[in-house]
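Hello,

Here is the structure I promised to pass on. Please open it first, then read my notes below.

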Amino acid sequence: MTDSPENPSGSTGTYGRPPYSDPSRFSAAQDELLLQRVRAREQKAMTDLFERYGSMVYSVALRVLKDPGHAEDVMQDVFFNLWENPRSFVSSRGSLGAWLLVVARNRAIDALRRRKPSDPVDEVVLPAKTNLASDVERNTIMEKVRLVMNGLPPDQQKSLQLAFFEGLSHSEIAAQTGDPLGTVKTRIRTALISVRKAIQA
Amino acid sequence: MTDDRHIPQEELALHAMQALSGEESAAVRLHLAGCAECREQLAEIAGDLALVAMSVEQQAVPEGTRQRFVDRITAKPAGLPAPAEQPARTPVISIAREKKAPRSWMWVPWTAVAALLILSTVLGVKIFQMNQQLDSEDALLRQEERLIQRQNGENIRAQALLDVLTAPTAQRVTLTTGKNPPAPSARAVYLPSRGALVMQASNMQPLPPNKTYELWVIPASGAPIPAGLFRPDASGSGSIVLPSIPQGVQAKAFGITIENAGGSNTPTLPIVLSGTAPVGGE
């Protein structure tokens, strides 16, 4: 169950509406339609979302926790919470796929660091014209991000990895790398800017 | 960090990853509650983080994961009611189907068949119109829903701001350069066009039970306007958040006096703390 094939006509109830000519726009619109049906307590729509984004969410949780059982727990919780409270994601702005990823990362870090749950994630806005709902585009983005991450200067790469995947605070990173706090902050921000630029290019 | 300058992007990125200390994060949260621009920046940085999350090697989920999820949502249906828009479509379809296949059509005279055809055409047009109407109502509902969600988000942030400012358990710390005990001070933030005022006082002298501190907006012309009462807590801190004052009053200065409990309509000298408002403010 990686990325399930999309189901353009069968499950969305969009009869009577014109088909979208842009496939990526169609997929993003499908997220919104699925969410509407989730809000209407339709279990099939929720499992469709689970199939669409489950693998991506599981993968980031596994990267953080390094334990398949714990990673599945996080994944299940992320989707179950969306099912219980579908309005926690505001679809007027931002991408559902990206939001799920950030929520999953935060929950995994909370579990890893055994700390109280993080703040709720409000909005997650991807660079313009980036669409995680489309399988094809998602794979292209993944390749681009991996490429740019691997090409970052080692210091930037390490600071970003420690903060994002290990959940270390900037002072913990500074203590571990022996760098000043300001340097750690700048490295992380510079690395994020590089990632964004690579996607926008 | 909370009023006159935005959060640097470096700190927003750390905040988004919970990589700041508790105090630093609290200050960022406080600023975010009142700054739409920084919230926009944070949302974009969160987008960058989502991209970083996509750099991980994609793994297949363990066997049975989907079924376990289905079992979980089936076992405990959530309590939210279904929106009214969804069931509305089903009857429309079922009516149309029934009209297409009457069971005893072979026995109906041709005139009746013609009448039925006309009727079904009329119904078809009606159903089409109703569907179109439903579509536009759906769109309107979705638009309203989004507005309400956004408004709710703003309300939550506003409430968070008020909670931080007014919670008795909130830690209030005055930062100074030397080791001398800090002097009484207060900071007022005022938006004249909305009549919105927030004041936080620190290191205030304790008061006898029958006295209170009172804040005053001193306008460019006219009498001082009472802007709320406060008594300092054990650490000398006190605050006034959004007192009931008129809108559109340009302030020349702010002052704090000691008044009898219950407050006064005119300030009693001396003014224990005062500050001149800078020119401007909308």
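Which residue in β6(B) is the bridge partner of Trp216(B)? The partner is Gly255(B). Keep in mind that this is a predicted model.

Strand β3 (residues 211–219) of chain B pairs with strand β6 (residues 251–260) of chain B. The sense is antiparallel, and nine bridges join the two. They belong to an open sheet of four strands in chain B, ordered β4-β3-β6-β7, with antiparallel pairing. From one strand to the next, the twist averages 20 degrees.

Next, the interface. On chain B, 49 residues are in contact with 62 residues of chain A. Four elements of chain B give two or more residues each to its side: α1 (9–16), α3 (36–53), α4 (65–75) and α6 (110–166). The largest share comes from α3(B), with 11 residues. By type, chain B's side divides into 26 nonpolar, 13 polar and 10 charged residues.

Last, the cores. The largest nonpolar core has 83 residues. Among those with the most contacts inside it are Val57(A), Leu101(A) and Ala50(B). Helix α2 (residues 43–65) of chain A gives the largest share of this core, 13 residues. Leu101(A) touches residues of both chains, including Met56(A), Val57(A), Ala50(B) and Met54(B). Another core, of 18 residues, lies apart from the largest one. Its members include Met199(B), Tyr213(B), Ala227(B) and Phe230(B).

Best wishes

Terms used
Residues are numbered from 1 along each chain as its sequence is written. Chains are lettered from A and ligands numbered from 1 in the order in which they are written. This is a predicted model: local features need pLDDT of at least 70, side-chain atom pairs count only at pLDDT 80 or more; totals for chains, interfaces and linings use all residues. Two residues are in contact if their C-beta atoms, placed from the backbone, lie within 7 Å. Ala, Val, Leu, Ile, Met, Phe, Trp, Tyr, Cys and Pro count as nonpolar, Asp, Glu, Lys and Arg as charged, and the others, Gly among them, as polar. Two strands pair if DSSP finds at least two bridges between them. Axes are lines fitted to C-alpha atoms, for helices over the stretch in contact, and angles run from 0 to 180 degrees between N-to-C directions. A nonpolar core is a set of buried Ala, Val, Leu, Ile, Met, Phe, Trp, Tyr and Cys residues joined through C-beta atoms within 7 Å. A residue is buried if 20 or more other C-beta atoms lie within 10 Å of its own, exposed if 12 or fewer, and partly exposed in between; C-beta atoms are placed from the backbone. Lists of a residue's contacts leave out its neighbours within four places in sequence.
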